[in-house]
Amino acid sequence: MAQNDIRKDLLKKIADLHEVPEGAYNIRENSGLAGRRNTEYITIETKTDKPGINIYVKDGTQNKSVHIPVLITQTGITEMVYNDFFIGEDCDVLIVAGCGIHNEGDEKSAHDGIHSFEIGKNSRVRYIEKHYGEGKGTGERIMNPEMTAHLSEGATLEVESVQIGGIDSTNRKTVITADENAKVLIQERIMSDGKQDVVSDTEVILNGNGSSAQINSRSVAKGESTQLFYPKLTGNADCFGHVQCDSIIMDNAKIRSIPEICANSVDARLVHEAAIGKIAGDQILKLMTLGLTAEEAEEKILAGLLK
Amino acid sequence: MLRLENITFKIPAETGKTGTILDDISLEIPDGKYIVITGPNGGGKTTLAKVIMGLVTPDSGRIFLDGMNITPLDVTARAAAGISYGFQQPPRFKGITVKELLQIAAQKKLSRDECCSYLTKVGLCASDYLNREVDTSLSGGEMKRIEIATILAKNTPVMIFDEPEAGIDLWSFHRLTKTFREIHESTGCTLIIISHQERIISQADEVLLIADGKLSGRGLPEEILPQIDGIYERACCKLGAEC
Ligand SMILES: Nc1ncnc2c1ncn2[C@@H]1O[C@H](COP(=O)(O)OP(=O)(O)OP(=O)(O)O)[C@@H](O)[C@H]1O
Ligand SMILES: [Mg+2]
């Protein structure tokens, strides 16, 4: 595939982008800047002290988006990138991040993205992050994303993180703190195969009265892959939190799920549920009676879970 | 015509138990008939339906659909050949919506109106259910009705429903009996309903009585209904209960 097609394909997979996005964007490619647009409301600037960018969203920015995809198409690139988001008050913004690695070579390619968010009062942020790897080379594809976020009073953060495939090793770490009436929603979707290893460590700390969190993690582990989940909820006030983990295990995969709920206030209400199991035989049979083959039925069931 | 020849099914060896669940059952069901299968719990009705759908492989015997021997066909091939089966206990699916399930059954994209018409036939309001996931958040009765709607969407020449009325409220039950009559009249399908309900039994063209793994009676509803008490009493004697 020509370099340009690889690039287009990766952009589509990780950011649903067909063309140059609307609104603000910053495209990082092979550790360099491949494109940027600032708008009236959203300003992106390159950090001077370390690799990465600062993203500023003005107070009152409504219904705007910013895309910050990262592409690695050369073998042997390893990078550590710091992205800091400063979201003003009363905003409603969509942030589409995501990283695609195409590694045809035999050296390892790695992207470690460290994202920090300061979210102003009553702002709503939707943050979508997709990770995807491909390429026939023997070089490993590695991503270790880290996220820290602080939500001011009344703010909402919705995180959708999706790891679609092709990443050999991931160690994900997330820490989010929520002030009064702030709301955190995390949806994690992970599929691993072959010899891939995934570790996901997510902590939400509910500090304010009226704050809430919902962590919903769904995964499928195939082949010889391993998955390890540590979702943790801490309630330090009159708050509500719910962790739900559902995994389907296949082949010779291994999954460990270790949810923790920790209450430091008599008014904290925290719930966790975790389930691991193989696809139920009667689910496959039911879909076969509707006309699907056994393989199609399995695909539907997995696609549903990871939706 | 659906024809079963000497179907025998024994308790699978891996369970460590022995016994015959279906004992040399032979029967013919002509096209376009409305058949109700009834009989005591544990008599073998569900197992018989599963044998027809291919969900269970009999130890011996053969099954023919319109003269074709479908015994070697798997479930998918039997679905393609024109058989569908609504489960007694339908499985649930995380992340698959009612609309998607209907579309899988119909094997095509369905408009909102088409989906609505299937759901209305089972007494569900489409706007409340179309985008809901078919997961554990649905009640037992809702699940059963969605299961019936998928079979209606599939619309095959042979439709088997396993205790469709189970867990369904009285109002919806009334609607459902009407739906079965309408479906049967409008599509001319062979309708096979496993049921314990007199109201469903009485609208059948013919009733099959399955007890103790055998076809122990067959006839018009008015002929079979009076025999039912006797059959149920014998069944409970066998279980060692006081009669
Ligand atoms: N896989 C199995 N292993 C052991 N026993 C089985 C198996 N499948 C069915 N049976 C037994 O076979 C008998 C018939 O079961 P079946 O489900 O066909 O009954 P049914 O007539 O549908 O009953 P109901 O009216 O309660 O639905 C029961 O005694 C049941 O326990
Ligand atoms: Mg049964």
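Analyst: Happy to, and please keep in mind that this is a predicted model. A pocket here is an open set of grid points where there is protein on both sides within 12 Å along at least five of seven lines, and its volume is the space filled by probe spheres set on those points. On that basis, the second largest pocket has a volume of about 370 Å³. It is lined by 18 residues, and those closest to its centre are A:Val162, A:Arg189, A:Ala303, A:Leu306 and A:Lys307.

Now for the elements behind that lining. In chain A, strand E14 (156-165), strand E16 (183-192), strand E18 (212-221) and helix H3 (294-306) each contribute at least two residues. E14(A) has the largest share, with five residues. Sorted by class, the lining holds seven nonpolar, four polar and seven charged residues.

Turning to the ligand site, the shell around ligand 1 has four nonpolar, nine polar and two charged residues. Of its 15 residues, the nearest are B:Gly42, B:Gly44, B:Lys45, B:Thr46 and B:Thr47. Helix H1 (residues 45-53) of chain B gives the most to this shell, namely three residues. Oxygen atoms of ligand 1 lie 2.8 Å from a polar backbone atom of B:Gly42 and 2.9 Å from a polar backbone atom of B:Gly44. From B:Gln88, a polar side-chain atom is 3.0 Å from an oxygen atom of the ligand.

Methods
Residues numbered from 1 in each chain as written. Chains lettered and ligands numbered in written order. Predicted model: local features only at pLDDT ≥ 70, side-chain atom pairs only at ≥ 80, totals over all residues. Heavy atoms only, no water. Near = heavy atom within 4 Å. Polar contact = N/O pair within 3.5 Å; in protein donor to acceptor, adjacent residues only side chain to side chain. Helix = DSSP H or I, 4+ residues; strand = E, 2+ residues; numbered from the N terminus. Nonpolar A, V, L, I, M, F, W, Y, C, P; charged D, E, K, R; others polar. 1 Å grid on protein atoms, 1.4 Å probe; cavity = no way out; pocket = protein on both sides within 12 Å on 5 of 7 lines; lining within 4 Å.
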